[in-house]
Amino acid sequence: MATELDRGIAFLLAPVFLAAGALVYFALRQEPGFVPLVAGVAGLALCAFAAGARPLLSMAIAAGLLCVLGALLAKAETWRAATKMLGGEVTTQLSGRVAEVERLADGRVRLTIDVTGTERPVLRYTPDRVRVSARRVPEGVEAGAVVTGLVRLMPPSGPVRPDSYDFSFESYFDGIGASGFFLRGPELAASPGPPPLAARFDAAVERARQAIADRIRSRIGGPEGEIAAALVVGVRAGIPEDINEALRRSGIYHVISISGLHMALVAGTIMVLLRSGFALFPDFSSRHPVKKYAAALAIAGLAGYLFISGAEVAAQRSFIMLAVMLAAVLFDRAALTLRNLAISAIIVIAVSPHEVVGPSFQMSFAATAALVGAYAAWSDWRADRPGSPPVDRSLAGRGLRYLLLAAAGLAMTSIVAGGATTIYAAWHFQQMPSLGLFTNLTAMPVVSAVVMPFAVFGALAMPFGLDGPFFHVMGLGLSATIAVAKWFSERSPADIVGLIPPAAVAVLTVALLIATICSTWLRIAAVPVALAGLMLLVDRPRPDLFVSEDGRLVGLALGDGRIAVNRARPNEFTIDNWKRAIRADEMVRPEGKQQRTTAEPVEAGAEAGRQVGDGASAVGLNPTQGGASWDNQPQQRAHKPSSAGFVCAEGLCLARRSSGAVVAHALDAQAALDACAVASVIVIDDATARNVCRWKDVLVVTKRDLALNGSAAIELPSNDREGASAAMATAEYAISRPFRPWHEQRRFSREARGLPAYRRKPKTEPPRDAPDAQPASEAAGSSSRQNASADDRETAQ
């Protein structure tokens with residue numbers, strides 16, 4: 001321990017405790033105030049000063065101080081973002097200045113717009129920035145242009161299940177207050193005034209990015225051109241979905257996301273070019289520190305690459321990491337050290353604390369720390385080995401040895417980085433590429449030696465019009481990469497791993513920290529900690545039922561690798577997420593069709609006198625000792641639960657698990673009342689409904705519950721037969737209350753206030769301005785947020 005402390009392990013742990021504090025802040029169920037956090041930092045700082053020469057006490061207090069400081073940084077970022085979020089769905093005439101134009105693979109165009117005004121209705125609480133899609137846009141729509149059109153806006157949706165990706169969280173910190181689509185337009189409009197200087201600069205950069213992307217597409221074409229544009233300027237929207245899926249399944253999707261790999265290859269290419277150029281002038285090179293010149297120019301080149309690539313968060317983080325390492329070269333310090341990585345992590349956490357909860361931060365720093373730690377351990381091992389005399393080899397022998405060493409190095413890099421990031425990939429995505437190691441061994445040499453170097457050459461030659469040959473070679477390399485990805489994707493077995501317990505992620509993270517940060521034999525302590533984390537993976541959560549946050553879709557795990565749904569055309573993104581969570585590979589569609597009835601709504605308290613037997617006969621079920629007996633009348637069989645999936649008729653869908661538990665989805669309270677006698681769980685797609693089964697232990701989830709609390713994961717009782725003692729079903733919701741700032745807008749929707757869906761007034765009435773959606777607009781419709789939030793889904797991917 002003394003040796004570890006002398007080698008600076010305390011500083012290496014500083015970003016770990018900062019990140020832990022930020023994680024605790026974002027995981028809290030209610031928003032903490034500034035005063036307790038500031039008081040905590042001040043108090044712990046005084047305690048650390050008073051601890052004096054007691055090292056263990058001082059280190060413990062310092063760890064607590066860093067944790068509270070991390071939480072304070074996260075609180076400050078949340079206060080600084082203060083994004084205006086739309087509270088409910090609304091249709092309005094929107095005008096604004098285009099900040100970004102993305103052309104999607106399906107032909108649609110996605111616009112990011114800085115809102116300047118709304119009409120019919122005028123929104124009193126207007127988001128500053130929205131993201132909307134259109135089927136087509138007129139000529140001249142580019143960054144900086146002013147457009148207007150009729151749009152349907154929706155609040156950013158919440159997680160599709162508890163503990164999954166939260167679109168509202170990301171939108172809040174990205175400054176996006178709503179998403180939607182154009183119903184009419186967009187059309188070019190006159191500018192209300194000159195934009196600010198910062199907006200003009202951003203628009204100029206965005207136009208340059210689009211021009212470069214168009215130039216690359218014209219040189220390469222096809223999906224290769226779209227990937228090339230993504231690698232050079234960060235424009236990924238046009239990549240076909242089948243290519244994206246092949247890259248994901250094969251484990252090399254990281255290739256098209258500008259991050260540490262791309263930044264390192266760009267910096268390396270620039271440094272090699274400069275060092276080679278300086279070598280042509282030996283007199284100059286012998287009298288000047290050309291290595292430092294190359295490092296300084298590489299930093300400048302990386303800054304330019306960061307700007308032109310869109311400066312996404314992953315690229316910013318990678319730039320900081322590499323800039324710190326190259327700055328170490330300027331000061332004659334070692335570049336690849338854990339200390340430099342720690343400095344980079346501290347800077348990133350200080351600037352964007354919310355990144356610590358995302359997969360990009362966790363996976364990139366885990367991989368980098370593991371690689372640096374493994375390289376340091378290998379260097380120590382080589383230094384301790386007795387030297388051996390050099391062996392005289394032929395030219396062919398030297399070439400073969402170089403190739404074998406390069407292949408071994410690439411294999412070890414993939415194994416170390418893949419092993420370090422496996423648990424985070426499983427936690428966030430519930431899947432792991434089973435053949436990822438072999439795909440990376442095959443594709444990464446092409447990316448490293450052909451694709452990225454020639455991308456740099458092409459970018460440097462573009463101002464002179466000489467970029468064609470370089471981009472042509474880059475396109476050939478990308479064709480080979482796509483072919484490799486498709487080949488391995490087609491042969492990859494099922495890679496779904498299901499839900500991972502958070503405790504296992506935490507324990508395995510501790511094991512990774514011990515293995516990478518420790519430089520003495522104490523790193524062996526990582527082995528028992530890792531074994532403990534693997535043991536925690538045995539007891540994994542596996543919900544029986546999922547409910548979407550809009551109440552329209554439910555998914556029942558049938559227990560045999562299938563999931564039953566109540567809609568014939570469910571939301572694809574939601575279903576894919578649910579299937580990965582329960583390790584299902586087949587979806588069972590419903591029999592029949594669910595339709596709203598014209599029956600009068602059930603008044604509050606009217607169900608109190610309803611008898612259980614009445615409800616049972618309403619759906620054609622008679623409770624018996626052996627379970628439910630069925631009669632053969634067709635009109636009653638339509639309502640009967642089936643182990644093969646949902647059976648729907650009128651306003652009710654029913655399904656039954658093999659354990660006997662029955663799940664019902666009702667469109668209104670009247671339909672739900674019919675299922676009280678037989679169902680363990682009833683989901684009511686009606687915000688005005690309440691618990692209609694108060695006389696029976698039935699879990700009733702209404703649309704209002706979901707609007708306030710988000711999507712639900714439900715555990716069903718193990719036995720639902722008559723006469724057997726079974727616990728009531730339990731639900732876990734995705735959103736906690738009181739609301740955090742990124743969920744505060746949920747309270748203002750019509751559904752959250754228990755109001756029915758908006759119905760348009762007759763056209764004979766004169767139009768008038770309606771209040772906006774914060775509090776929720778009276779113009780909020782009843783269409784699903786998730787079905788129209790394609791932008792949110794692409795952000796998650």
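A residue counts as buried when its relative accessible area is under 20%. The exercises below concern a predicted model.

**Exercise 1.** Classify the ring pair formed by tyrosine 165 and phenylalanine 167.

*Solution.* The structure holds 23 aromatic pairs. In the pair examined here, the ring centres of tyrosine 165 and phenylalanine 167 are 5.2 Å apart and the planes stand at 65°, so the pair is edge-to-face. The cut-off for this class is an angle over 60 degrees.

**Exercise 2.** Determine whether tyrosine 165 and phenylalanine 167 are buried or partly exposed.

*Solution.* Tyrosine 165 has 27% relative accessibility and therefore counts as partly exposed. Phenylalanine 167 has a relative accessible area of 3%, so this residue is buried.

**Exercise 3.** Classify the ring pair of phenylalanine 546 and tryptophan 578, and state which elements the pair ties together.

*Solution.* The centres of the two rings, phenylalanine 546 and tryptophan 578, lie 5.5 Å apart, and their planes meet at 20°; the pair is therefore stacked. Phenylalanine 546 belongs to strand β6 (residues 545–547) and tryptophan 578 to helix α20 (residues 572–582), so the pair ties together parts 32 residues apart in sequence. Both phenylalanine 546 and tryptophan 578 are buried.

**Exercise 4.** Identify the rings over which lysine 75 and lysine 84 lie.

*Solution.* Lysine 75 is placed over the face of phenylalanine 34, 5.3 Å from the ring centre. For lysine 84, the charged end sits over the ring of tyrosine 125, at 5.6 Å from its centre.

**Exercise 5.** Name the residues that ring pairs link into a cluster with Trp742.

*Solution.* The cluster joins Trp742 with Tyr25, Phe26, Phe169, Tyr172 and Phe173 through ring pairs.

Conventions
Residues are numbered from 1 along each chain as its sequence is written. This is a predicted model: local features need pLDDT of at least 70, side-chain atom pairs count only at pLDDT 80 or more; totals for chains, interfaces and linings use all residues. Side-chain values use heavy atoms; hydrogens and water are left out. Rings of Phe, Tyr and Trp (its six-membered ring) pair if their centres lie within 6.5 Å; planes under 30 degrees apart count as stacked, over 60 as edge-to-face and the rest as tilted. Buried means under 20% relative accessible area, exposed over 50%, partly exposed in between (1.4 Å probe, protein chains only). Helices (H or I, at least four residues) and strands (E, at least two) are DSSP runs, numbered from the N terminus. A charge sits over a ring if NZ of Lys or CZ of Arg is within 6 Å of the ring centre and within 35 degrees of the ring normal.
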